[in-house]
Amino acid sequence: MQIENNQLIDDLLWRMECCKRTVKEFEILPINRLQFKNGERWSVLECLEHLNLYGDFYLVEIEKQIMTTPRKKISTRFKSGILGNYFANLMEVKDGKITKMKSPKDKNPSSSRLSITTISRFLKQQEQLASLLNQCRGLDLTKTKAAISLTNLVKLRLGDTLRFYCYHIERHVFQAERALEEQDRMIKELENRQVEHG
């Protein structure tokens with residue numbers, strides 16, 4: 001994948017703005033809807049807490065690269081690496097579908113007691129991410145490398161790290177929306193059964 005740096009940043013900012021708007025709509029929902037779980041599937045709040053846990057790592061890492069990378073002879077065109085492109089594509093929501101994968105234990109929010117503050121923390125992280133994305137416009141997104149949370153042994157091109165992180169956010173906001181849709185379906189089914197047995 002090759003793309004102008006600004007075009008990539010603009011695309012990621014747009015995606016994150018859509019995610020932020022969706023999550024802002026969650027704020028008005030009753031807490032029991034946000035905490036509702038269907039079996040092993042995550043609740044809305046668990047999806048967002050998972051993202052908050054990743055944000056604790058990636059926001060610090062992205063900021064570190066912004067602060068320490070020299071601004072000499074930067075290329076304004078980003079060229080994705082093989083591994084980075086693979087990871088980013090693995091995260092991306094495609095045609096309303098996501099590739100299932102197991103979450104690392106330290107990023108699994110299943111046993112957490114979560115409240116509405118989970119949403120506030122997510123939205124605060126989104127503000128920070130938008131600011132960092134704009135600051136990345138002045139970096140060489142191909143030559144600058146950034147660590148990933150999966151392993152210390154691998155560093156990806158910063159552009160790929162940004163794609164991976166933003167697509168990961170998009171993926172779990174989509175998952176949170178699906179959790180609500182599933183809840184609505186279950187409520188309708190229950191109501192229909194009650195009418196039938198009325």
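**Aromatic pairs and a helix contact**

Author: The structure holds six aromatic pairs. Rings of Phe, Tyr and Trp (its six-membered ring) pair if their centres lie within 6.5 Å; planes under 30 degrees apart count as stacked, over 60 as edge-to-face and the rest as tilted. This is a predicted model, in which local features need pLDDT of at least 70, side-chain atom pairs count only at pLDDT 80 or more, and totals for chains, interfaces and linings use all residues. Residues are numbered from 1 along each chain as its sequence is written, and side-chain values use heavy atoms, with hydrogens and water left out.

Reader: How is the pair of Tyr58 and Phe164 described?

Author: A pair of aromatic rings is described by the distance of the centres and the angle of the planes. For Tyr58 and Phe164 the centres are 6.0 Å apart and the planes lie at 50°, so the pair is tilted. Tyr58 belongs to helix 3 (residues 44-68) and Phe164 to helix 6 (residues 158-196), 106 residues apart. Helices are DSSP runs (H or I, at least four residues), numbered from the N terminus.

Reader: Is Tyr58 buried or exposed?

Author: Tyr58 has 0% relative accessibility and therefore counts as buried. Buried means under 20% relative accessible area, exposed over 50%, partly exposed in between (1.4 Å probe, protein chains only).

Reader: Which residues do ring pairs link into a cluster?

Author: The cluster joins Tyr54, Phe57, Tyr58, Tyr86, Phe87, Phe164 and Tyr165.

Reader: What is the handedness of the crossing of helix 1 and helix 5?

Author: The crossing of helix 1 and helix 5 is left-handed (the near helix is turned anticlockwise from the far one by less than a right angle; clockwise would be right-handed).

Key: Helices (H or I, at least four residues) and strands (E, at least two) are DSSP runs, numbered from the N terminus.
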